[in-house]
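The sequence and the structure are shown first.

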Amino acid sequence: MEFKSTVAIINLTTGESQITNTPTELLHAYLGGRGLNMAYLRHYLLIAGDPKEIDPLSPENPLIFGAGTLTGTIAPNAARFNISAKSPESGILGDSNCGGFFAAAMRKAGFDRLVILGRADHPSYILLEDGEIIILLAENMWGTKVIKAQDLLKEKHGPGTISAVIGPAGENLVRMAAVMTGKKNAAGRGGMGAVMGSKNLKAVVARGGAPISIAQKDTLRAVRLQQQKYLKDSKIVQVLGKVGTPLLYEVSNRLGAIRTHNSQKNFFEDTLNAEEIEHYVDKMLACTSCIVHCRHRNTLGGEGPEYSTIGLLGANLGIAPTDQVIELNNQVNDLGLDASSTGTIIGWAMELYQRGIITAEDIGNPIEWGDFETVHELIDDIAYRRGFGDVLAESTQAASQFPPVARDYLIAVKNLPQSDPHDVRYFKGFALGIAVASRGADHLRNRPTLEVFKLPEDVREKIYGRANDPNPEGYKDKGLIVAWSDDIYAVTDSLGICKFVTHGFNSPHLLGYDHFSDLISAATGFDISPEALRRLGARVIDTERLINADFGLTRTDDTLPKRYFDDPMPARKTKGHKIDRGKFQIMLDEYYYERGWDQDGQVSLESSQEIDHLISLLGA
Amino acid sequence: MQVRVRFAEPFWRSIGEREIEIELDSNTLVGDLIGLLTQRYSSLGQEFNEAPPVIFLGDEEVDRETFLTEDCQIHFVWPLAGG
Ligand code: SF4
């Protein structure tokens with residue numbers, strides 16, 4: 001079987017589509033998912049003009065859906081795909097990874113990747129079925145929330161229909177709008193939902209029929225069973241399957257590392273512990289081929305919440321009652337908003353109000369910490385762009401409408417609000433990670449989670465390739481561990497595998513490069529060594545760096561929110577910690593060195609030329 | 001003296017309760033408490049081996065050599081920081 005990847009170039013302006021295969025050399029160099037998306041994104045951005053000048057909400061912005069190489073196969077937790085574009089939220093690289101069942105259905109419908117260009121005249125959706133692309137009118141569903149839109153599409157196209165939809169937030173071009181593939185599964189980061197909305201695209205619908213071609217079925221089955229056993233022996237897999245990510249809340253909270261009241265505080269109530277969330281859990285669910293089952297179905301009509309949602313719609317806003325936080329979780333998901341950005345932006349507005357930087361007169365209503373009713377109303381207003389909600393719908397770009405000092409209280413990097421609820425002033429590697437992450441402040445690009453385990457020296461050396469300082473509060477060797485994490489997470493995102501089974505994400509006893517190599521060989525017939533896979537991860541990171549350089553980013557953009565440098569953490573074990581500016585710059589130097597970049601953070605000429613060559617294979 | 005002991009995920013599953021109260025002699029160390037608990041709840045020792053806990057006495061992280069105090073609260077937490 002030949003290893004191939006099918007890509008559809010869909011022009012919504014003309015209604016024309018073209019189906020082709022990714023050039024083999026390019027495919028081997030990036031595999032799929034996030035990696036290959038980056039190659040296509042850079043190509044189509046450069047075709048559209050000067051990337052700096054492209055309005056992310058204009059028809060010129062390419063929108064790319066790319067399934068991982070293993071997505072939809074029986075490889076463990078191979079459910080995921082990436083949506084990429086210029087981000088309307090940050091103005092730089094936009095790339096969001098999502099689980100659920102959509103990506104497997106997209107592949108079974110005959111497509112590994114979609115490049116969506118232009119803008120439809122009328123609200124529309126794309127139907128993918130049996131290798132065909134049909135653009136249909138979405139007028140009766142424009143205006144619907146996420147669950148309703150998904151139900152309508154299922155009703156219309158029958159059982160087995162899986163859709164990636166936007167809600168009112170995406171339609172109204174809210175800059176933190178998500179694309180949703182289920183009640184909770186979200187491509188949340190960077191406003192990909194707004195890009196869909198700007199294209200008048202309500203949904204991409206997949207009806208998967210054909211099985212995904214597998215090079216060696218029996219071998220893949222044997223590898224899966226072997227890896228499944230290995231994973232099921234892992235403590236973190238067992239615990240995530242019981243309680244999901246809310247388990248992380250108590251740990252961070254006890255440490256004093258939960259973003260609370262926009263990071264003015266660092267711990268909150270125990271009402272958001274996993275055991276309290278459990279009272280509202282009806283069932284644990286899974287994505288395609290998942291053996292963990294980390295996702296809750298809650299008794300209030302939605303799915304989730306995740307740790308991120310609990311932290312950012314709970315502690316960060318001062319909202320303690322468990323049911324209220326779950327209700328907000330369900331609300332943002334059904335409106336198609338990114339929970340992380342929404343919680344961060346509302347928390348920021350609350351602090352601006354607390355400090356008198358904005359007043360009740362400016363915003364219509366006071367917004368006090370813990371005021372559930374007002375937050376609930378404000379979330380609706382953001383999605384529908386009403387009143388002060390219209391201002392916050394601009395996400396970080398709302399800063400231009402506030403006095404300049406407002407920026408000092410914004411918990412964002414590169415204009416992307418921080419994704420997770422962990423206050424990174426204590427673990428210095430976490431801080432470096434969000435400072436350099438290619439899409440802005442985000443833990444899922446490179447968080448060196450093993451820092452918390454204080455692993456023995458020999459184990460650390462084996463993992464990271466050389467001896468390194470185990471002190472998580474220190475600044476030394478953090479460049480090494482963040483660069484290592486960058487690479488492996490870029491590989492899993494390219495394969496479509498979930499991070500919860502990825503070596504280094506919460507455990508050293510999960511799937512690493514050697515496991516991935518076995519899976520790729522069995523699934524595609526393409527042999528790639530573990531070493532070459534790591535180089536592939538590095539190539540993805542370099543490509544993202546080049547894309548961001550095209551947008552004008554430099555070393556000065558690799559930084560942290562002002563508060564993380566200036567304000568010490570106020571309580572508990574982390575008390576007194578903040579990031580030293582000078583030492584941060586040394587960490588950055590070390591990180592660039594590990595990445596093979598120069599001191600300005602520029603990709604090496606050799607790597608840049610290789611990437612230019614690879615992307616040139618896509619033609620003019 | 002009375003001590004409250006709280007177990008986060010996954011440790012409480014070995015005990016069957018999230019929190020217990022326990023009567024101890026004064027001059028008891030955290031390490032003594034761990035010995036007592038792992039003796040009383042047989043699977044807890046294995047849990048602690050597989051997932052070594054971080055131990056908090058109130059808000060302070062402590063080690064096995066720390067003395068417990070009257071009415072204190074001890075937390076056994078599995079250190080994780082993913083997302
Ligand atoms: S671990 Fe959770 S997010 Fe990952 S594939 Fe399974 S259910 Fe989906």
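## Salt bridges and polar contacts

In this predicted model, 10 salt bridges are counted between chain B and chain A. One of the ion pairs joins B:E61 to A:K454, with 3.3 Å between the closest N and O atoms. Residue pairs in polar contact between chain B and chain A, with both residues at pLDDT 80 or more, also number 10.

On chain B, the side that touches chain A draws at least two residues from each of α3 (42-50) and β5 (73-77). By class, this side of chain B consists of nine nonpolar, four polar and eight charged residues.

## Extent of the interface

Chain A contributes 29 residues to the contact and chain B contributes 21 residues. Together the two chains bury about 2400 Å², of which 59% lies on carbon and sulfur atoms. Within chain B, the most area is lost to chain A by B:L80, B:A81 and B:G83, which together account for 27% of what that side buries.

## Helix α3 of chain B

Four residues of α3(B), namely B:L44, B:G45, B:E47 and B:F48, are buried. Viewed down the helix axis, the buried residues of α3(B) fall within an arc of 160° and therefore line one face of the helix. The face turned away from this buried side bears the exposed residues B:S42, B:Q46 and B:N49.

The packing partners of the buried residues of α3(B) come from both chains: α8 (235-243) of chain A, and β1 (2-7), α1 (12-15), α2 (30-40) and β5 of chain B.

Note on methods
Residues numbered from 1 in each chain as written. Chains lettered and ligands numbered in written order. Predicted model: local features only at pLDDT ≥ 70, side-chain atom pairs only at ≥ 80, totals over all residues. Heavy atoms only, no water. Contact = heavy atoms within 4.5 Å. Buried area = accessible area lost by both parts, 1.4 Å probe. Salt bridge = Lys/Arg side-chain N within 4 Å of Asp/Glu carboxyl O. Polar contact = N/O pair within 3.5 Å; in protein donor to acceptor, adjacent residues only side chain to side chain. Nonpolar A, V, L, I, M, F, W, Y, C, P; charged D, E, K, R; others polar. Buried < 20%, exposed > 50% of the residue type's maximum accessible area, 1.4 Å probe, protein only. Arc of directions from axis to C-beta.
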